[in-house]
Amino acid sequence: MRAVLTWRDKAEQCIYDLAFKPDGTQLILAAGNRLLVYDTSDGTLLQPLKGHKDTVYCVAYAKDGKRFASGSADKSVIIWTSKLEGILKYTHNDSIQCVSYNPVTHQLASCSSNDFGLWSPEQKSVSKHKSSSKITCCSWTNDGQYLALGMFNGIISIRNKNGEEKVKIERPGGSLSPIWSICWNPSREEHNDILAVADWGQKLSFYQLSGKQIGRDRSLNFDPCCISYFTKGEYILLGGSDKQVSLFTKDGVRLGTVGEQNSWVWTCKVKPDSNYVVVGCQDGTISFYQLIFSTVHGLYKDRYAYRDSMTDVIVQHLITEQKVRIKCKELVKKIAIYKNRLAIQLPEKILIYELYSDDSSDMHYRVKEKIVKKFECNLLVVCADHIILCQEKRLQCLSFSGVKEREWQMESLIRYIKVIGGPPGREGLLVGLKNGQILKIFVDNLFAIVLLKQATAVRCLDMSASRNKLAVVDENDTCLVYDIHTKELLFQEPNANSVAWNTQCEDMLCFSGGGYLNIKASTFPVHQQKLQGFVVGYNGSKIFCLHVFSMSAVEVPQSAPMYQYLDRKMFKEAYQIACLGVTDTDWRELAMEALEGLEFETAKKAFTRVQDLRYLELINSIEERKKRGETNNDLFLADVFSYQGKFHEAAKLYKRSGHENLALDMYTDLRMFEYAKDFLGSGDPKETKMLITKQADWARNINEPKAAVEMYISAGEHVKAIEISGDHGWVDMLIDIARKLDKAEREPLLMCAHYFKKLDNPGYAAETYLKIGDLKSLVQLHVETQRWDEAFALGEKHPEFKDDIYVPYAQWLAENDRFEEAQKAFHKAGRQEEAVRVLEQLTHNAVVESRFNDAAYYYWMLSMQCLNIAQDPAQKDVMLSKFHHFQHLAELYHGYHAIHRYTEEPFSFHLPETLFNISRFLLHSLTKDTPLGISKVKTLFTLAKQSKALGAYKLARHAYNKLQGLRIPTRFQKSIELGSLTIRSKPFHDSEELVPLCYRCSTNNPLLNNLGNVCINCRQPFVFSASSYEVLHLVEFYLEEGITDEEAVSLIDLEAPRHKRENKWQEITSNNSQTLRLDETMDSMGDDDPFTAKLSFEMFHSEDYELLVLQHTCCPYCRRRIDDPSP
């Protein structure tokens, strides 16, 4: 550290205090009863300020730079603006000793001999607090929360911003050691607030905010008058009776003198955020110094040691960025580092450290030796077992115990010295002198070896890795490179301030200067890039650069020198440069250049570095081919060009080497079909077609299907074109293809039809099937698309497909719950068994679901089916038996439908007489087995209720008695029990009006007939109305002999004369069944009345029938529609 005087001035009176404006542009001095304002840049007195009547003792600037304050012996404090105008004045009862602004709130503390005051712009008056002793100094903490007061009686009082005392520190010397100056450390990095205290007991001390002392008192040997910190708190300035300003570390270690004066130093301050110091003295002298902190450091390969905070040494590993700090607690004067040794020179001794281990990344140092002796030297060098001291022209070699072993006397001043390696105890030194002489000295040899002598003074030196070349930077900033053996100057470069050889490459060096880094390989031109600082080392691709006080490892790609070698086809040398460190792009470029130059070994190494397996496979294949005896370099180079994308060059080489087919394969593989066509010219049409097919395949693979379809069509590949069009749903394209194809091309046309069906275009599919005449597929198409009308029309023209149409139609109807139509379709298709099976399933479902009306209808339909099948003589007897059975079940379920509705629904749709008749009909019919779904309980319950209501009390009582023996549902239980009791109050006979009459023998039959629904006298079966279930006035008759059944039917079918208007019933008995036909005279148009049709095997009263037909638009029993003309 050295101090350079920038400017000096002299006032007429003592300078008691001074303050910098926070931006450092102005300096305010307290001189006599005036304030002097100086420009800090050149020491110009800007303006004297008059406002005080007596000596000004103190001055302070606010942190924001808007105001400053001054305190005087006239007991007043004046507030000034930054424009040097006084704006406020207030007084104390005694002279003002010190003033200080709060750094946060800008509250002003002013201290006098017996009190102190606190004032801020927002308050009208000054709040004052008494003091037990004269206050000599004051200082605020960084956060503005506390104010420390130093007193003449040796006490330090720490107050909060309201003036209340929080901590009291009593110094050991008491009033014999007045506190003359205090200052808080402004550093934001410190965890605790630290107060520096200087007293006239000639001690420097440090305290925490709590009042606890840090460390011990430091003896000063003079009376301190002022103490102040640097802006960041790293150093302390102290001035006083020793007529000089001393620089201390923040821990109180003295570092040196800033400037010696002719009288006491009353004040000294540091310019904000700088290394400038101003000193004010008793005799009025004002001195402005610049402090220059020299760099103390040492470098060996990737380890850099430098001084920090003047007393510490930091060793930095430039590769791993690890750092270790060695605290010496004394001023570090010199540093030297070599391999595992570190030497530190302190004022009174030299410390030699060594690494704990031989690990290259180990950063732990321990003290090996101490040489307790004061040395004066310009340069310090450490070796494995020695230290070398350089002083002017003399070199001294000392052992680690401090014994001088050798000494060398040079002809001129030593300007540069460097250890260049060697065995321990026999290391070599490279020495450069001011007279231009360059020597090599071995520490175990007394004689120096002159390497060469040049005309200019040496500034920097370095020797190449193989010790064959020497680089010198002289005082003219020229870098000169010599061959050591021949002493020949190889080349020289201008604008150099430092130079370094690459430790891993013999022919590479770098030098810095003029803000540029210059890299030179062999004798090639210099490559430049911007870089601030000095080059001090060059290892591989890392250049170690010292800029101001920091050392950094700059990663510099060695691209430029590598390309210089590549330009000259020096592939092996370029590879060596690349190994030092280049980008992946550079490696790839080297690999490509070597490959094109057919330098396969270098190319393989480079491609391995970038992990390019494609090119490595290419190189391996070429090497294998060379082993097999191939020697055609054109062919090898063509493969290389094709891999690199230089396809036209590759094609030319393939053609030149007689391998046109390889060029064609290359173009087609790369989908460069136009180039392939150009290459072919007007060649073979087969090859052209093959090219188009390959082009179409490629277009398909890259999702260009339309282009692919067009190419396939032009190449005649219709199947592939149809496949792509179909997969993408292009119906228009398929239509064009199908219409252009000949009908003989059956396979592609079938594919078209398949895709038409898939894309829901059955019309075009039908057109295609017709084109090729495939009627069976056309039928299947109509069936699959459910276009039944077209299918039926086709079936009419071609009966052989009838089965293929109606069976799927029936199945489709059944799947869509149209079972009746499905049954008819099965019947129409001649599938009688399926028709019967559908009806049986329908019937069973209807019964299970309690749809008894539907069940009756389905049983009736089953009976009709059986009747149709009975026309076959082989099945006549069985089918007729089934016919009667199904007819009987139909009648039962038809009647039971009313009973079920009566018992399940809240309202009755039938008259009591009808329900009475139905329940009697069912009871008489259920003499043997009861069909599924029909409940005797419901039938008897209905009969009992209706009998009671109609006066058939005897029958009702019988029904209730029958119910007692059956299992009765809970919901009927109460009603039946009540009915059983109430019927006993009725007479034990039935109403005569209800007794049925046999219209054949006129016999009254009982209501409860054990024989069933026949007359007890003549055994004539009763014929019931299918709606009201009353006994109809019908009698069975027999044909006379000689009249056949057919004649009888024809007679019955004869129409009545038109002029007759009466209606009459005709009963026809045929095959043990009765048919009731209603004939009515029609109008002159001759249209059949729908009610005259033969609808079923059941009988109705005409009025009931007409009403039911109008309600249902069909027969209520067989459900044939009234507009159905079929018989």
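In the hairpin of strands S53 and S54, two residues sit between the strands, and Gly-540 takes a positive phi near 65°. Strands here are DSSP runs of E with at least two residues, helices are runs of H or I with at least four, and both are numbered from the N terminus. This is a predicted model, so local features need pLDDT of at least 70 and side-chain atom pairs count only at pLDDT 80 or more, while totals for chains, interfaces and linings use all residues. Residues are numbered from 1 along each chain as its sequence is written, and side-chain values use heavy atoms, with hydrogens and water left out.

S53 (residues 534-539) and S54 (residues 542-547) run antiparallel and are joined by five bridges; two strands count as paired if DSSP finds at least two bridges between them. Gly-537 has Phe-544 of S54 as its bridge partner. Phe-544 in turn is the bridge partner of Ala-553 in S55, and S54 pairs with S55 (residues 550-555) over six bridges, again antiparallel.

The term means a side-chain nitrogen of Lys or Arg within 4 Å of a carboxyl oxygen of Asp or Glu. Lys-542 lies in S54 and Glu-555 in S55, so the pair ties together parts that are 13 residues apart in sequence. For exposure, buried means under 20% relative accessible area, exposed means over 50%, and partly exposed is in between, using a 1.4 Å probe and protein chains only. Lys-542 is partly exposed at 22%, and so is Glu-555 at 47%.

Carry on along the chain and you reach helix H1 (residues 559-567). Seven of its nine residues are buried, so H1 is largely enclosed by the rest of the structure. The buried ones are Ser-559, Ala-560, Pro-561, Met-562, Gln-564, Tyr-565 and Leu-566. What covers them includes strands S50 (508-513), S51 (516-521) and S52 (527-530), along with helices H2 (571-580) and H3 (584-596). Just after H1, Lys-569 takes a positive phi of about 60°.

Two other residues with positive phi sit in loops. Lys-243 is not a glycine, yet it has a phi of about 60°; its loop runs between strand S23 (235-240) and strand S24 (244-249). Glu-321, also not a glycine, has a positive phi of about 65°, and its place is the loop between strand S31 (312-317) and strand S32 (323-327). Lys-243 is partly exposed at 37% relative accessibility, and Glu-321 is partly exposed at 48%.

Now for the other end of the chain. Four strands make an open, antiparallel sheet in the order S1-S28-S27-S26. Strand S1 (2-10) and strand S26 (265-270) are the edges, each pairing on one side only. From one strand to the next the twist averages 20°, where axes are lines fitted to C-alpha atoms, for helices over the stretch in contact, and angles run from 0 to 180 degrees between N-to-C directions. S26 pairs with S27 (residues 276-281) over five bridges, and Lys-269 stands opposite Val-278 in S27.

Leu-5 belongs to S1. Leaving aside neighbours within four places in sequence, Leu-5 is in contact (heavy atoms within 4.5 Å) with Ser-287, Phe-288 and Tyr-289. Leu-5 counts as partly exposed at 39%.

Salt bridges turn up elsewhere too, 24 in the count as a whole. In one of them, Asp-217 and Arg-171 meet at 3.5 Å, N to O. That pair links distant parts of the chain, 46 residues apart: Asp-217 is in the loop between S20 (203-208) and S21 (218-219), and Arg-171 in the loop between S17 (165-170) and S18 (179-184). Arg-171 is buried at 6%, whereas Asp-217 is partly exposed at 24%.

Finally, the whole chain. It has 28 helices and 57 strands, and of its 1127 residues 50% count as buried. Among contacts between residues at least 6 apart in sequence, 41% join residues at least 24 apart.
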